[in-house]
Amino acid sequence: MAVTYQAASPQRFNAFWALETKCHPQPWSESNLYSCLMKPYWGELMLQDGKPVGFYLFQQVLDELTLVNICVDPAQQGNGLGGQLLTQALAQAQQRQAAVCFLEVRASNAAAIGLYQKTGFNQDSLRKGYYPGANGGREDAVLMSLQLPSG
Ligand SMILES: CC(C)(COP(=O)(O)OP(=O)(O)OC[C@H]1O[C@@H](n2cnc3c(N)ncnc32)[C@H](O)[C@@H]1OP(=O)(O)O)[C@@H](O)C(=O)NCCC(=O)NCCS
């Protein structure tokens, strides 16, 4: 199946929003997502045979990137698309002269942590009780980073 990518932009908000609400149990607000479709954020929508199936978004400050969002349509998860999407994201990051990529992820998000570890991210630290958790509790954030080869 043919995979293509389209640059994130406010004009493509609807496709990003449809995925955001499908993929995340606690999706961002519309305004938060909208503001991440323009500078200093950038990213891409992933399409499979022309149908949006995932996206990633980075925030870039000089040569430092933060991966603020990555997701794949739940109907398509577990088929390698997340790995393909993150590889594409990091290749684009290298083209933009990024030197390091940071991210934070819920400690319970085994799929995402597995994906990041497989791609080479290392755990730097834990931020205790950072996220609102289930039943009014709190959940730790795992902070990870990856040094990007200069390219
Ligand atoms: C994280 C996410 C993008 C992974 O996408 P995916 O298409 O399912 O990932 P892939 O099929 O490419 O799997 C890549 C690797 O991730 C890991 N992984 C994927 N699903 C996993 C699971 N349920 N448990 C543990 N590891 C898992 C594995 O290391 C896997 O490699 P392997 O298949 O060689 O074992 C997807 O689960 C998702 O969209 N989740 C909801 C949104 C989210 O939590 N985003 C991250 C925080 S912003």
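The legends below walk through close-up views of this predicted model.

View 1. Start with the ligand, which is surrounded by 20 residues. Ile70, Val72, Gly83, Asn109 and Lys118 are the closest of them. Sorted by class, this shell holds ten nonpolar residues, nine polar ones and one charged residue.

View 2. Which distance separates a polar side-chain atom of Asn109 from an oxygen atom of the ligand? For Asn109 the value is 2.7 Å. Lys118 also places a polar side-chain atom 2.7 Å from an oxygen atom of the ligand. In Gln77, an N or O atom of the side chain is 3.3 Å from a ligand oxygen. As for cover, the protein hides 68% of the 930 Å² of accessible area that the ligand has on its own.

**View 3. The ligand's place in the fold.** The ligand takes up the space of the largest pocket. Helix 4 supplies the largest share, with seven residues.

**View 4. The largest pocket and its lining.** Now look at the pocket itself, with a volume of about 1200 Å³. Its lining is made of 41 residues, and those closest to the pocket centre are His24, Ile70, Val105, Asn109 and Tyr116. Elements that give two or more residues to the lining include helix 1 (13-23), strand 5 (100-106), strand 6 (122-132) and strand 7 (138-147). Strand 4, helix 3 and helix 4 are also on that list. Which element gives the most to this lining? That is strand 4, with seven residues. By class, the lining divides into 22 nonpolar, 14 polar and five charged residues.

**View 5. A cis peptide bond at Pro40.** This view moves to the backbone. Most peptide bonds are trans. The bond from Lys39 to Pro40, however, is cis, with omega near 5°. To find Pro40, look in the loop between helix 2 (30-35) and strand 2 (41-48).

**View 6. A positive phi at Leu62.** Most residues other than glycine have a negative phi. Leu62 is a residue other than glycine with a positive value, its phi being near 55°. Where does Leu62 lie? Leu62 is in the loop that runs between strand 3 (51-61) and strand 4.

Notes. Residues numbered from 1 in each chain as written. Predicted model: local features only at pLDDT ≥ 70, side-chain atom pairs only at ≥ 80, totals over all residues. Heavy atoms only, no water. Near = heavy atom within 4 Å. Polar contact = N/O pair within 3.5 Å; in protein donor to acceptor, adjacent residues only side chain to side chain. Areas by Shrake-Rupley, 256 points an atom, 1.4 Å probe, with all protein chains shown as cover. 1 Å grid on protein atoms, 1.4 Å probe; cavity = no way out; pocket = protein on both sides within 12 Å on 5 of 7 lines; lining within 4 Å. Sits in = over half its atoms within 2 Å of the grid points. Helix = DSSP H or I, 4+ residues; strand = E, 2+ residues; numbered from the N terminus. Nonpolar A, V, L, I, M, F, W, Y, C, P; charged D, E, K, R; others polar. Points joined across faces, edges and corners; volume = space filled by probe spheres on them.
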